[in-house]
Amino acid sequence: MKLWVLRHGEAQPRANTDAERRLTAHGREQVLRSAAHLLGQPLQAIIASPYVRAQQTAALVHDALGFAEPVRTVPWLTPESNVQQVIGELERLGLEHVLLVSHQPLVGSLVGMLEHGHVQQPAPLGTASLAELEGDWPLAGLMSLSNLHHAP
């Protein structure tokens with residue numbers, strides 16, 4: 001299995017609620033640079049947080065790749081979501097090549113859990129950072145981090 005974990009691009013510092021923060025122009029550029037690393041990959045699904053900045057990030061990647069399937073929006077990819085729940089949802093999907101679009105602290109904790117088996121070493125994902133993990137199954141400590149791309 002290959003799993004890509006993408007943190008949303010740079011977002012406005014404030015909005016009525018955290019969920020409503022939108023990408024900045026710089027954030028959109030960051031996302032497009034990160035999307036370039038996904039060109040030619042055999043993605044089966046793009047799954048995103050319902051927050052506006054993650055939705056915008058997923059839409060930019062979707063369009064840049066010419067991805068045929070619609071972006072799937074799920075409630076279990078918000079900033080404070082439970083890492084174990086996310087891993088369980090990934091197992092239930094049963095897909096081989098998935099892109100998740102979400103937020104810190106979830107993305108760092110998720111990558112750390114999948115790579116090390118615990119959340120004490122979260123991955124340092126800045127805005128629009130893209131982590132690529134590989135393994136037989138999305139289980140804690142059983143995936144290896146093969147690439148980590150940081151957007152400028």
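Modeller: Begin with contact, which means heavy atoms within 4.5 Å. This is a predicted model, in which local features need pLDDT of at least 70, side-chain atom pairs count only at pLDDT 80 or more, and totals for chains, interfaces and linings use all residues. Residues are numbered from 1 along each chain as its sequence is written, and side-chain values use heavy atoms, with hydrogens and water left out.

Colleague: Which residues is Leu100 in contact with, leaving aside neighbours within four places in sequence?

Modeller: Leu100 is in contact with Leu3, Trp4, Val5, Leu6, Ile47, Leu77, Val86, Leu90 and Leu110.

Colleague: What are the strand and helix labels?

Modeller: Helices (H or I, at least four residues) and strands (E, at least two) are DSSP runs, numbered from the N terminus. Two strands pair if DSSP finds at least two bridges between them.

Colleague: In what order do the six strands of the sheet stand?

Modeller: The order is S3-S2-S4-S1-S5-S6. The sheet is open, and its pairing is mixed. Strand S3 (72-73) and strand S6 (144-149) stand at the edges. Each has a single partner strand, so one side of each lacks a neighbour in the sheet.

Colleague: How many bridges join S1 to S4?

Modeller: Six bridges join them, and S1 and S4 run parallel. Leu6 stands opposite Val101 in S4. S2 also runs parallel to S4, joined by four bridges. There, Ala45 has Val98 of S4 as its bridge partner.

Colleague: Do S1 and S5 run parallel or antiparallel?

Modeller: S1 and S5 run antiparallel, with five bridges. Leu3 has Leu133 of S5 as its bridge partner. Trp4 stands opposite Glu132 in S5. Now step across to S6. S5 and S6 pair in the antiparallel sense over five bridges, and Glu132 has Asn147 of S6 as its bridge partner.

Colleague: How do I read burial?

Modeller: Buried means under 20% relative accessible area, exposed over 50%, and partly exposed in between (1.4 Å probe, protein chains only). Four of the five residues of S5 are buried, so S5 is largely enclosed by the rest of the structure. S4 is largely enclosed too, because five of its six residues are buried.

Colleague: Is Asn16 buried or exposed?

Modeller: Asn16 counts as exposed because its relative accessibility is 72%. Asn16 sits in the loop between S1 and H1. From Asn16 to Glu115 is 99 residues in sequence and 36 Å in space, C-alpha to C-alpha.

Colleague: And where is Ser129?

Modeller: Ser129 lies in the loop between helix H4 (106-116) and strand S5 (130-134). Ser129 is buried, at 1% relative accessible area. Its side chain makes a polar contact of 2.9 Å with that of His150. A polar contact is a pair of N or O atoms within 3.5 Å; within protein, one must be able to donate a hydrogen and the other to accept it, and residues adjacent in sequence count only if both atoms are side-chain atoms.

Colleague: What is a nonpolar core?

Modeller: A set of buried Ala, Val, Leu, Ile, Met, Phe, Trp, Tyr and Cys residues joined through side-chain atoms within 4.5 Å. The largest one here has 26 residues. Leu3, Val5 and Leu100 have the most contacts inside it. S1, S2, H3, S4, H4 and S5 each supply at least two residues of this core. H4 gives the largest share, six residues. Apart from this core lies another, of 18 residues, among them Leu23, Ala54, Val61 and Ala128.

Colleague: How many residues does helix H2 have?

Modeller: H2 (residues 52-65) has 14. From first C-alpha to last, H2 reaches 20 Å, close to the 20 Å expected at 1.5 Å a residue. That expected span is 1.5 Å times one less than the number of residues. Just after H2, Gly66 takes a positive phi of about 65°.

Colleague: Which residues of H2 are buried?

Modeller: Arg53, Ala54, Gln56, Thr57, Ala58, Val61 and His62. The buried residues of H2 pack against strand S1 (2-7), helix H1 (25-35), strand S2 (45-48) and strand S4 (97-102).

Colleague: Which strands does H2 lie across?

Modeller: H2 lies across S1, S2, S3 and S4, at about 165° to S2. Helix H3 (residues 83-93) lies across S1, S2, S3 and S4, at about 150° to S4. Axes are lines fitted to C-alpha atoms, for helices over the stretch in contact, and angles run from 0 to 180 degrees between N-to-C directions.
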